Every structure is written in C-alpha cells, then in structure tokens.
Amino acid sequence: MRIWALVCLSVVWGGAAMGQGEVQDENMPEHVVIEPPRPSYPEDAADWGLAGLCNVRFSVENGTEVSVDSAYCTAPAFCQAAISSVMRSKMQVTNKDGTPGRRADIVYPFVFTLDRMPQGTENFLRTLSPKTCPLGAIS
C-alpha cells in the first residue's frame with residue numbers, strides 16, 4: 001500500500017529563549033543542517049487515518065553527535081517516527097574558532113497529516129495536549 005502523506009517540519013535553534021524573540025548571542029556556535037529529519041508516516045497511523053503534531057527537543061555534542069532530550073506528540077503513534085528521524089539527521093555545530101561545538105535546546109516540530117485530511121486539521125491538532133514520548137528503546 002502506498003501512503004501519500006505530508007510531514008511538515010522546521011527547526012528552532014536555541015530553544016525557548018530564542019522563540020520568545022531574544023537576540024541570538026554572537027558567541028553562540030554556528031549550526032548547519034546537513035540532512036534534515038525525514039520521518040516516515042507510521043503505517044498504523046495511516047491505516048487509522050490519524051494525524052498528529054510532535055516536538056522533539058535535542059542537542060548536538062562534539063560538533064555532530066545528535067541526542068534526543070525529550071519528545072512530545074499529540075498521538076503516541078508518531079513518537080518513534082519523529083524521534084528516529086531526528087536521530088538519523090545530520091547536524092554540524094562549529095564554535096567561532098572552528099572547533100566542534102555543542103548546541104542544546106534545539107526543537108524540531110513535526111506535523112503529520114494525510115492527503116485525505118479535511119481542511120483545518122492542523123489547527124485542530126494544535127488544540128490537543130501533547131503527551132511525553134518514551135525515549136527508551138527508540139533508535
């Protein structure tokens with residue numbers, strides 16, 4: 001079965017402080033998204049016609065090592081897809097002096113919707129309370 005889905009994503013560097021309109025520190029390490037997260041739509045979620053939102057908060061250590069700190073999704077069916085895609089992504093953080101850097105509180109928000117979803121689905125999803133995803137056995 002072929003699943004046509006729309007998975008929208010963007011990145012927020014710097015966590016909540018930058019999200020509130022604060023100016024980025026000029027000494028903050030440079031960051032580059034080499035390969036962005038590209039989640040697969042979970043087959044069970046597609047079979048049931050589920051849509052959902054996720055926010056995955058992660059860090060980049062030693063320039064390129066991605067580690068997930070927390071994840072929240074409106075439906076548990078999307079947790080593994082969102083977390084796994086962030087873990088497979090490639091990021092590079094470099095200090096001003098060119099050495100590998102560290103960056104914490106990076107958030108990737110995901111919107112999982114199917115082509116057949118009614119107009120306004122994303123707005124409805126934003127009214128739902130996301131639940132914490134377990135981080136244990138996800139790779």
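Is Phe58 buried or exposed at its relative accessibility? Phe58 counts as buried, at 0% relative accessibility. The model is a predicted one, and Phe58 belongs to its aromatic pairs, described below.

## Aromatic pairs and their cluster

The structure contains 6 aromatic pairs. Ring pairs join Tyr41, Phe58, Phe78, Tyr108, Phe110 and Phe112 into a cluster. A pair of aromatic rings is described by the distance of the centres and the angle of the planes. Two of the pairs are set out here.

## Tyr41 and Phe112

The ring centres of Tyr41 and Phe112 are 5.8 Å apart, and their planes lie at 75°. Planes over 60 degrees apart count as edge-to-face, so the pair of Tyr41 and Phe112 is edge-to-face.

Tyr41 is buried, with a relative accessible area of 11%. Phe112 also counts as buried, at 0% relative accessibility.

## Phe58 and Tyr108

For Phe58 and Tyr108, the ring centres are 6.1 Å apart and the planes are at 25°. Planes under 30 degrees apart count as stacked, so the pair of Phe58 and Tyr108 is stacked.

Phe58 lies in strand E3 (residues 52-61) and Tyr108 in strand E6. They are 50 residues apart, and their pair links distant parts of the chain. Tyr108 has 4% relative accessibility and therefore counts as buried, and Phe58 is buried at 0%.

Note on methods: Residues numbered from 1 in each chain as written. Predicted model: local features only at pLDDT ≥ 70, side-chain atom pairs only at ≥ 80, totals over all residues. Heavy atoms only, no water. Phe/Tyr/Trp six-rings, centres within 6.5 Å; stacked < 30°, edge-to-face > 60°. Buried < 20%, exposed > 50% of the residue type's maximum accessible area, 1.4 Å probe, protein only. Helix = DSSP H or I, 4+ residues; strand = E, 2+ residues; numbered from the N terminus.
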